[in-house]
Amino acid sequence: MSVQAAVKRKTAPEIRSRKNGEPIVMLTSYHAHTAALVDRYCDVILVGDSLGNVMHGLETTIPVTLDMMILQGRAVMRGSQHALVVVDMPFGSYEASKEQAFHSAVRVLKETHCGAIKLEGGVRMAETIAFLVERGIPIMGHIGLTPQSINTLGSFRAQGREEGSWAPIENDAVAVAQAGAFSVVVEAVAEPLARKITETIGIPTIGIGASAACDGQVLVLEDMLGLSPRAPKFVRRYGNLGPMIEAAIQGYAADVRSRAFPGPEHVYGMKAKA
């Protein structure tokens, strides 16, 4: 029996077919153990370049490398079985040319065995998206607030809050859809604009700080679990694990210092003589 028959993962075409259907559930993951948990409930797992912030304490995603994405992509693939795994292309790995993007994407697909690639940018990346899709690489787009452009944006501020600024974002959405992406993340976009984009384009929109009218939603796992010290306005905390983890560490440290741990049940005695 082939691996494909034994383990049936969701595919990019399946996610594409969810337009105007049951909402798509997506979360980030960077580790095998969290991927196993996320996989039970989510349609898509995103190995996002936000790992730079979450795992490495970076202020932005700019320093994240392709090797970092591949390493964590492998871990997530090992930990999951059913969700479509999408890996982010980090800054500098695809913008120079269509050919650069192709070679980077092929590395990710070959070395992680993930099911799709995500990249940021609308109109400016449409030609590259089409080039990749024509060569068999499923692409998830990303428009609105694009964190890899932070140095030109100046801050992580919401987009489209004045109606006069809508046109470029709408054009980005249309360009990504027409280029052949199977879905698009819409980040930190004013609710009426995100709703309009969702109603306009023919591929699923996945909102993050956008609209409940989007075809799906994504959050950074650590943000919604209360593990991130700072979380954007659009995050709902579904857990508050930070204080729980700190309390557990505090208890462990106290037990070690008082010699209460390890106890008799945690150590190995000698074997009885024959």
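**Notebook: aromatic rings and their neighbours**

I started at the ring of Phe131, where the charged end of Arg135 sits over the ring at 3.6 Å from its centre. I kept in mind that this is a predicted model.

Next I looked for another charge at Phe131. The charged end of Lys98 also sits over that ring, and I noted 5.5 Å to the ring centre.

Then I turned to ring-ring contacts. How many aromatic pairs does the count come to? I got two aromatic pairs. One of them joins Phe102 and Phe131: the ring centres are 6.5 Å apart and the planes stand at 90°, so I logged this pair as edge-to-face; the cut-off for that label is over 60 degrees.

I checked where these two partners belong. Phe102 lies in helix 6 (residues 98-112) and Phe131 in helix 7 (residues 126-134).

Phe102 came out partly exposed, at a relative accessible area of 24%.

My next stop was Tyr252 and Phe261. Their ring centres are 6.0 Å apart with the planes at 65°, so this pair goes down as edge-to-face too.

Tyr252 is exposed, with 52% relative accessible area, so it passes the cut-off of over 50%. Phe261 is partly exposed, and I wrote down 34% for its relative accessible area.

Terms used:
Residues are numbered from 1 along each chain as its sequence is written. This is a predicted model: local features need pLDDT of at least 70, side-chain atom pairs count only at pLDDT 80 or more; totals for chains, interfaces and linings use all residues. Side-chain values use heavy atoms; hydrogens and water are left out. Rings of Phe, Tyr and Trp (its six-membered ring) pair if their centres lie within 6.5 Å; planes under 30 degrees apart count as stacked, over 60 as edge-to-face and the rest as tilted. Helices (H or I, at least four residues) and strands (E, at least two) are DSSP runs, numbered from the N terminus. Buried means under 20% relative accessible area, exposed over 50%, partly exposed in between (1.4 Å probe, protein chains only). A charge sits over a ring if NZ of Lys or CZ of Arg is within 6 Å of the ring centre and within 35 degrees of the ring normal.
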